Amino acid sequence: MEKKILVVSSANMDMVMSIKSVPEAGQTVIDKGSYTYIPGGKGANSAVAISRLGGKCTFLTRLGADANGDALLSLYEREGMDTSYIVRDTDTPTGLATIFVEESGQNRIIVFPGANQKIDFASIDRAIDSGVDALYMQFEINHDAILYSAKVASERNIPIFIDAGPADKTFPYDKLPRLEIFSPNESEAYELVEIRPDSDENCYKACLALSKMVDAKYIVIKLGGRGAYIFDGEKGVTRPTYDIKVVDTTAAGDAFTASLALEYLDSGDIMRACDYANASGSLTVSRKGASSSIPTLYEVEEFLKNQK
């Protein structure tokens, strides 16, 4: 049975610059790389992943009444999402992200939230009342929208999944209800609890600290090329990822956590869900782009078959 996941999160147009390296302060560089505009935003990337991997995605975001908003909405409709609850804002532009991708594949991102910061409670009520199996969020939208969405979902016994990106130490984590999964990456975990998860021991310590901030059944730290660390409140384990050439890490974390949530809802097995998410993330980093790099269900299944 297809799971219907409500994504309440961000949508951006990404300006992606492929460069040799980021300039130093005060330095002007003429680079022989390239730039392009690509649909992105952590919420949109996750919504695309859910749709491509066989889930039913209802996407709640807010777009400007501008050309970028037109392009993004057309994409979401082509991906088969339910876009009924997306609001077009006539006063605030569509979110924009500038992404610097170095030759190594490492990326640096600056986000201008725009209309993402104006998601309203009435839209959240309508979307949740439409009937969903899970709520999925990140931190690129305003705090009130996140807390309200979580409150309403909790009251209806709807499981809540949060990808903890970007890290936000000002967020009132103690006001969140019980979560199913809370998933930061390495740098986000370090920023939140000041423990660098660079070993199993430190992953465990970081998860213990995070568990004092957030009430979650599972904490899953994304470790990039090392895989992911799963903590169930008592013990933890690292699930290794797959050997693949890294081209561009943009959207890999979004694809991972969306895949994790979808497979976990389907199987109830956190280990299996993590292996599936590692495969989805691996395929994503092997390609350039944000949402355009996210694999389909068929691609992930074929990839996993070839690993055996």
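In this predicted model, a residue is called buried when its relative accessible area is under 20%.

Q: What makes strand 2 mostly covered?
A: Count the buried residues: five of the seven in strand 2 (residues 12–18) qualify.

Q: How do you know that strand 2 pairs with strand 3 and with strand 7?
A: Pairing takes at least two bridges. Strand 2 has seven to strand 3 (residues 34–40), running antiparallel, and seven to strand 7 (residues 95–101), running parallel. Take Asp14: it faces Ile38 in strand 3, and its bridge partner in strand 7 is Ala97.

Q: Why is Tyr218 called buried?
A: The cut-off is under 20%; Tyr218 comes in at 14%, so it's buried. Tyr264, at 7%, is buried too.

Q: Why is the pair of Tyr173 and Phe182 called edge-to-face?
A: Centres within 6.5 Å make a pair, and planes over 60 degrees apart make it edge-to-face. Here the values are 6.1 Å and 85°, so both conditions hold.

Q: What makes Tyr218 and Tyr264 an edge-to-face pair?
A: Their ring centres are 5.9 Å apart and their planes sit at 80°, so the pair is edge-to-face. Tyr218 is in strand 12 (residues 216–222) and Tyr264 in helix 7 (residues 252–267), so the pair ties together parts 46 residues apart in sequence.

Q: How do you know that the buried residues of helix 9 line one face?
A: Val300, Phe303 and Leu304 are buried in helix 9 (residues 297–306). Down the axis, the buried residues fall within an arc of 95°, so they line one face. Tyr298, Lys305 and Asn306 are exposed on the other side of helix 9.

How values were computed:
Residues are numbered from 1 along each chain as its sequence is written. This is a predicted model: local features need pLDDT of at least 70, side-chain atom pairs count only at pLDDT 80 or more; totals for chains, interfaces and linings use all residues. Side-chain values use heavy atoms; hydrogens and water are left out. Buried means under 20% relative accessible area, exposed over 50%, partly exposed in between (1.4 Å probe, protein chains only). Helices (H or I, at least four residues) and strands (E, at least two) are DSSP runs, numbered from the N terminus. The arc is that of the directions from the helix axis to the C-beta atoms. Rings of Phe, Tyr and Trp (its six-membered ring) pair if their centres lie within 6.5 Å; planes under 30 degrees apart count as stacked, over 60 as edge-to-face and the rest as tilted.
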